[in-house]
Amino acid sequence: MTKPILPATFHNIRPPNDNYTYFEDKQSHAFLPLATSFELVNAGWMADFAMLAYGNKPFIQEKLKVSGLTADGFVMEYLSHGTTQCFVAHNNKFVVVSMRGTEIDNFWGAFKDWRRNLELRPKPDDSGGLVHEGFMQDIAEVWNDTNGMPGLKSYLRPLLAGGTRTLWITGHSLGAALCTLAAERAVRDAGFDVRGVYTYGSPRVGDIQFKQNYEARGLNAKTYRVVYDIDVAQRLFPGAAYTHVGQFKFIDADGHLHTNVPNPTAEEGALPEPTGAQEWAVRLHRLLGRHSAPVANALGLTIPAPFADHAPIYYASYIWNNQ
C-alpha cells in the first residue's frame with residue numbers, strides 16, 4: 001500500500017479530503033489497542049481519524065461505512081458544542097476521541113475558530129498551569145454536559161466502564177491542541193486511563209508548569225507529537241509562555257519518519273542555513289512548494305511548503321507510506 005502524494009493545491013489538500021482512502025488495507029495493518037509505546041500502525045489509524053474529524057456527521061458515517069469499520073462493529077457519535085466539534089468511535093476493544101481542527105468550508109465556523117485561536121493570553125487552568133485562553137474555552141465547551149446535551153466526559157464514562165476498552169485521543173492543528181487538553185482532563189478530572197495521544201501539527205498549548213503537571217500525570221510518555229518538516233503551525237505560539245508536550249516524531253522533506261530526533265533545530269522544523277547557490281535553490285523550492293507539478297508551480301497555484309506541510313493529508317499519507 002502506497003498512498004499518492006498529491007500536488008499542494010487547495011483542492012487536493014483541503015480536509016476532510018473526499019479523494020482520500022481512509023483506513024486503507026486495514027486488515028494488513030490492524031490497530032494495536034493494548035500498545036504502550038509509539039506504534040507506526042497506530043499512528044496511521046490516528047492520522048486518519050484526525051483528518052476525518054474535519055467532516056460533518058454524515059461524511060464521517062459514510063467514510064466509516066466505506067472503509068468497513070462500521071461492518072466491523074464500530075459505533076460513532078458526533079459531539080458539537082459551541083465552536084468545538086469532535087467525534088467518538090469505538091468497538092469492543094478501544095475508543096477513539098478525534099478533535100476537529102479549524103474549519104475551512106464553513107465561513108462563520110472558521111471565523112469563530114480563528115477568533116479563539118487568536119485569544120493568545122495564557123490563563124490559569126484547572127490543570128495547575130497556564131493554558132492558551134482560546135483553547136481552554138474550546139475544550140470547556142465540549143468536555144462537560146451543556147444544556148442537556150452530553151459532554152465528552154459523560155459520553156465516555158459508560159464506554160470505559162469495566163476497563164474492557166482502551167482510550168485513544170487524537171487531533172490535527174487546533175484539534176491537536178484540544179486533544180492534549182482533553183487527555184489532561186480525562187486523567188485529572190474523570191480518572192480515565194488514557195492509553196495514547198497522537199497529535200499532528202500541534203501548536204503549543206500551555207506553559208512549563210502545564211507540561212510538568214502533564215508529565216506528572218503520566219501523559220507525556222504516552223503523547224506522540226508528529227511534525228511534518230517545516231509545518232508552520234508547530235511554531236505557534238512562540239515565547240516563554242508556551243512549550244510543547246509529548247514525544248517528538250519528525251517526518252522529513254522526503255517523507256521519512258524519524259522517531260528519535262535529538263536535534264532541536266530539526267525539532268522546530270528550521271531549515272539549515274544555505275551555503276551556496278545550489279543550497280539556496282533547494283531552500284527556495286521547499287518554501288515555494290515541493291509537492292507541485294512544474295506548470296502549476298510556475299503559475300503560482302501551489303501552496304507554499306510551510307503551509308502545505310500543515311495539511312493533514314500529508315501527515316496521513318506519509319505515515320501510511322512508512323509502514
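The largest cavity has a volume of about 60 Å³, and the structure, a predicted model, holds 1 cavity of 30 Å³ or more. A cavity is a set of points on a 1 Å grid over the protein atoms alone where a 1.4 Å probe fits but cannot get out; lining residues have an atom within 4 Å of a point. Grid points are joined across faces, edges and corners, and the volume is the space filled by probe spheres set on the points. The lining of the largest cavity consists of T180, T199, S202, P203, R204, V205, T223, R225, T243, H244 and V245. By class, 3 of these residues are nonpolar, 6 polar and 2 charged (Ala, Val, Leu, Ile, Met, Phe, Trp, Tyr, Cys and Pro count as nonpolar, Asp, Glu, Lys and Arg as charged, and the others, Gly among them, as polar).

Residues are numbered from 1 along each chain as its sequence is written. Local features need pLDDT of at least 70 and side-chain atom pairs pLDDT 80 or more, whereas totals for chains, interfaces and linings use all residues; side-chain values use heavy atoms, without hydrogens and water.

Helices (H or I, at least four residues) and strands (E, at least two) are DSSP runs, numbered from the N terminus. In strand β9 (residues 247-251), 4 of the 5 residues are buried, that is, under 20% relative accessible area with a 1.4 Å probe and protein chains only. Strand β8 (residues 223-228) runs parallel to β9 and is joined to it by 5 bridges, with V227 opposite F250; two strands pair if DSSP finds at least two bridges between them. On β10 (residues 257-258), which runs antiparallel to β9, 2 bridges are found, and L257 is the bridge partner of I251. The hairpin formed by β9 and β10 has 5 residues between the strands, and G255 in the turn has a positive phi of about 90°.

In helix α6 (residues 152-160), the buried residues are L152, Y155, L156, L159 and L160. These residues line one face of the helix, because they fall within an arc of 120° seen down the axis of α6, the arc being that of the directions from the helix axis to the C-beta atoms. They pack against β1 (75-81), β2 (84-90), β3 (94-99), α5 (133-143) and β6 (166-172). G162, with a positive phi near 90°, follows α6.

H310 lies in the loop between α12 (305-308) and α13 (312-321) and counts as buried at 15% relative accessibility. Beyond its neighbours within four places in sequence, H310 is in contact with H172, S173, G201, D231, A233 and Y315 (contact means heavy atoms within 4.5 Å).

Methods. Buried means under 20% relative accessible area, exposed over 50%, partly exposed in between (1.4 Å probe, protein chains only). On a 1 Å grid over the protein atoms alone, a cavity is a set of points where a 1.4 Å probe fits but cannot get out, and a pocket is an open set with protein on both sides within 12 Å along at least five of seven lines; lining residues have an atom within 4 Å of a point.
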